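Welcome to this guided tour! Keep your viewer open, and select each stop as we reach it.

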Amino acid sequence: MFSFAYAEQSQKYFQKLTTNNKTIIILGSSRSDGDTRAVAGFLLKNSAAAMIDLNDYNIGYFDYGNKNADDDFIPLMRKIIPRYERIIFATPVYWYSMSAVMKTFFDRISDLLKWEKDLGRELRGKAMAVVSCSGSDDLIDGFDMPFRESADYLGMEYLGHAHTWVKEGKISEKGKQRMMELFK
Ligand SMILES: Cc1cc2nc3c(=O)[nH]c(=O)nc-3n(C[C@H](O)[C@H](O)[C@H](O)COP(=O)(O)O)c2cc1C
């Protein structure tokens, strides 16, 4: 639990996430109650952001023949894209990279370039940010490159990346500070 004072301070710092309820956190971890969820929970508690957990959706690998047309990806995007202006991707660091759950989601953004172009075009001008989580503060350089480049390719503004880590269930203070800096 965070003290009231801390929540107040955070709200001041998380201004980007408190104005007009237009921020959504997309959580992509192999566990829905793990460290990355805890970090996303910190943001949720101190802002007006919404969150979805990719584990709650059936999203298959990208398929060149569009065989996934009937899974949850497109209906989910139809809900998210028109409603939100800022998307925060929250991912654990698995093997120096984003999680497979998150990467599978990212690959499916190709659907928006091939078969749902109008929806894909709506991403232009929206903003993207990344929050990563691991067990320590030793993230390799370039971790956020796929996000940054994807934002550029999609015509989205890239707000940046904050790395966090969780030890014995506690989010590192430095990680919290980074998120506050990113979203102030
Ligand atoms: C498959 C797997 C790969 C991992 N690879 C890394 C890694 O490359 N670097 C690292 O610092 N931590 C790595 N970790 C540790 C996780 O990043 C860390 O435990 C994180 O807090 C887990 O978040 P979660 O509870 O949301 O899964 C790995 C963990 C798993 C399960």
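Start by selecting tryptophan 95, which sits in the loop between β3 and α5. The names of helices and strands come from DSSP runs, numbered from the N terminus: a helix is H or I over at least four residues, a strand is E over at least two. Tryptophan 95 counts as exposed because it has 7 C-beta neighbours inside 10 Å. For each residue on this tour, buried means that 20 or more other C-beta atoms lie within 10 Å of its own, exposed means 12 or fewer, and partly exposed is in between, with C-beta atoms placed from the backbone. Now look at the backbone of tryptophan 95: its phi is near 50°, a positive value in a residue other than glycine. Most residues other than glycine have a negative phi.

A word about what you are looking at: this is a predicted model, in which local features need pLDDT of at least 70, side-chain atom pairs count only at pLDDT 80 or more, and totals for chains, interfaces and linings use all residues. Residues are numbered from 1 along each chain as its sequence is written.

Colour the chain by pLDDT, the predictor's confidence in each residue, from 0 to 100. The protein chain averages 92, and 91% of the residues score at least 70. Over residues 1-6, however, the pLDDT is below 50, and this stretch has two contacts beyond near neighbours in sequence. A contact means that the C-beta atoms of two residues, placed from the backbone, lie within 7 Å. Where pLDDT is low, the predicted coordinates should not be read in detail.

Next, select the loop between β2 and α4, where you will find asparagine 66. Asparagine 66 is exposed, because 12 other C-beta atoms lie within 10 Å. Glycine 60 is found in this loop between β2 (50-53) and α4 (73-83) too. With 14 C-beta neighbours inside 10 Å, glycine 60 counts as partly exposed. Leaving aside neighbours within four places in sequence, glycine 60 is in contact with Asn68 and Asp71.

Now select β3 (86-92). Is this strand buried or exposed? Seven of its seven residues are buried, so β3 is largely enclosed by the rest of the structure. Arg86, Ile88, Ala90 and Pro92 point one way, while Ile87, Phe89 and Thr91 point the other way. In a regular strand the side chains alternate between the two faces of the sheet.

Show the partners of β3. Strands pair if DSSP finds at least two bridges between them. Five bridges join β1 to β3, running parallel, and isoleucine 26 has phenylalanine 89 as its bridge partner in β3. Seven bridges join β3 to β4, also parallel, with proline 92 opposite cysteine 133 in β4.

Which residues touch the most other members of the largest nonpolar core? Of its 37 residues, they are Ile25, Ile26, Ile88, Phe89, Ala90 and Val131. Such a core is a set of buried Ala, Val, Leu, Ile, Met, Phe, Trp, Tyr and Cys residues joined through C-beta atoms within 7 Å. β4 gives the most to this core, with five residues.

Finish at the ligand. Of the 16 residues around the ligand, Ser29, Gly34, Asp35, Thr36 and Pro92 come nearest; a residue is near if its C-beta atom, placed from the backbone, lies within 6 Å. α3 (35-45) and β4 (127-134) each supply at least two residues of this shell.
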